[in-house]
Amino acid sequence: MKRRRFLTVGAGAGVSLAGCVSYPSADDGPSSEALLRDAIETRRHLHDLRARRTLSVETPSDTVERTERVVRQPPAKQRLEVLESTDPDAPVGSVTVTNRETTWEYNPEEELVDIQFHGTKVDADRTLRVLESLLENYRLGYEGTTTVDGREAHVVETRPPIEETGRQLNLVVGDTTYAVPLSTDDLEDLEVTRTICIDDEYRYPVRERNEVRDGGEIRYRLTVTYEDLAIDEGVDSETFTYQPPADATVVTDGTEPEGIFDSIDEAKANVPYELPEAAIPDAYLLDRITVVERAEKYGGVTTTLWYNDPNVVARELYVVVREQGRFDPDVLEEIEIDGRTAYYRDGRIQSIFWDCDDLSYEVSSLVEGEPIREIAASIGCP
């Protein structure tokens with residue numbers, strides 16, 4: 001589940017920074033751009049990660065810290081277990097487990113398990129997007145080496161462009177966005193830095209520190225440190241499922257899928273229409289098919305065929321069949337595919353929508369440049 005938290009303790013201030021250029025820094029060692037490119041490549045091809053992660057949030061009047069055991073298989077699968085904590089929102093013993101279909105959140109103080117179903121959730125890799133944004137948009141400086149958990153790490157200091165600052169600064173840690181409130185006063189006195197420590201061997205971030213200073217005084221500091229880091233050493237499949245304690249109260253959110261299937265043949269018997277066999281690029285494999293029964297205004301019986309590249313994190317596309325359309329032609333670009341009217345949406349997710357007889361279709365990709373028009377043409381009006 002994507003979460004958003006606001007750091008509200010302490011006075012705010014505005015931000016004034018230039019953007020997107022390098023600035024003077026330590027001369028020895030690899031370039032900051034090369035280090036970030038290495039980190040992006042590591043993340044892009046990462047299969048699994050295990051570590052002990054400590055998160056600390058400091059303001060002038062308070063400090064909150066928690067340590068958790070984290071296991072991940074990007075982009076969707078994650079397990080977090082809180083080991084130590086002064087964070088009232090995450091008591092010791094809290095557990096969060098997520099896979100592509102379900103999230104379980106266990107609060108031991110309330111003895112409550114919240115189960116969220118994700119039959120149609122798209123799994124982008126937020127950590128990868130943050131690294132790419134740092135490389136593309138931030139000013140970068142190499143600041144030498146340091147030691148993190150007994151290992152050598154390269155220090156890259158980044159400073160955000162002006163358009164990413166203003167009334168609040170968003171800091172992404174895992175699946176949580178921390179929103180730091182900022183006023184528009186004293187622009188010249190405020191300095192915002194984001195320091196990344198990249199492990200020399202793994203070429204992967206093992207510490208991140210975000211600081212907001214006003215005239216040299218720290219207003220906010222958020223630090224994330226990884227220890228006992230292990231990459232691509234394998235994890236057990238049951239890691240990303242959760243069995244609630246017998247005495248816990250269980251509540252559910254979202255629509256539970258009618259079924260999750262491994263093949264088109266298995267799914268056919270559970271939907272009231274034919275399923276398309278689209279021409280998908282060779283690098284992609286069918287990951288799963290989800291069938292969700294929604295109210296008519298939300299699409300009716302909705303089938304999503306999910307395809308991903310097993311060798312590249314978050315390289316995913318999907319084909320959707322709905323009983324009712326879920327797109328607005330007035331806000332989309334009208335296009336033509338094989339003589340049939342369709343509608344194109346650009347953005348973080350690129351999509352093509354069209355209707356055929358009594359059904360509505362969608363082809364979408366998380367990666368720019370994928371041949372979604374050709375895929376849509378291969379489906380046509382079956």
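Let's start with Thr-98. Is it buried or exposed? Thr-98 has 5% relative accessibility, and the cut-off for buried is under 20%, so Thr-98 counts as buried. Keep in mind that this is a predicted model. Thr-98 sits in strand S5, which covers residues 95-98. Its side chain has a polar partner: Thr-103, with a side-chain to side-chain contact of 3.0 Å.

Now the sheet around S5. S5 belongs to an open sheet of 12 strands. The order is S8-S9-S12-S13-S14-S2-S3-S4-S5-S6-S7-S15, and the pairing is mixed. Which strands are at the edges? Strand S8, residues 139-148, and strand S15, residues 249-253, each of which pairs on one side only. On average, neighbouring strands here are turned by 15° against each other, direction ignored.

Take the S15 end. Strand S7, residues 112-117, runs parallel to S15, and 5 bridges join the two. Within that pair, Ile-115 stands opposite Thr-252 in S15. As background, strands of a sheet pair through backbone hydrogen bonds, either parallel or antiparallel.

Next, what lies across this sheet? Helix H1, residues 32-44, lies across S3, S8, S9, S12, S13 and S14. Its direction is at about 70° to S8.

On to helix H2, residues 126-137. H2 has 12 residues. From first C-alpha to last, H2 reaches 16 Å, close to the 16 Å expected at 1.5 Å a residue. At its start, a side-chain oxygen of Asp-125 comes to within 3.2 Å of the backbone nitrogen of Thr-127. Which residues of H2 are buried? They are Arg-126, Leu-128, Val-130, Leu-131, Ser-133 and Leu-134.

S20 and strand S21, residues 340-345, run antiparallel and are joined by 5 bridges. Across that pairing, Glu-334 stands opposite Tyr-343 in S21.

One more residue from this sheet: Asn-308. It lies in strand S18, residues 301-308. Its relative accessible area is 13%, under the 20% cut-off, so Asn-308 is buried. What does Asn-308 touch, leaving aside neighbours within four places in sequence? The contacts are Arg-100, Ala-283, Tyr-284, Leu-285, Asp-287, Arg-315 and Glu-316. Tyr-284 is 24 residues away in sequence, yet the two C-alpha atoms are 5.0 Å apart. With Asp-287 there is a side-chain to side-chain polar contact of 3.4 Å.

Finally, the whole chain. There are 4 helices and 23 strands. Of the 382 residues, 52% count as buried. Among contacts with a separation of 6 or more, 59% come from residues 24 or more positions apart. The accessible surface comes to about 18,000 Å², and 42% of that belongs to carbon and sulfur atoms.

How values were computed
Residues numbered from 1 in each chain as written. Predicted model: local features only at pLDDT ≥ 70, side-chain atom pairs only at ≥ 80, totals over all residues. Heavy atoms only, no water. Pairing = 2+ DSSP bridges. Buried < 20%, exposed > 50% of the residue type's maximum accessible area, 1.4 Å probe, protein only. Contact = heavy atoms within 4.5 Å. Areas by Shrake-Rupley, 256 points an atom, 1.4 Å probe, with all protein chains shown as cover. Expected span 1.5 Å × (residues − 1). Polar contact = N/O pair within 3.5 Å; in protein donor to acceptor, adjacent residues only side chain to side chain. Axes fitted to C-alpha atoms, helices over the stretch in contact; angles between N-to-C directions.
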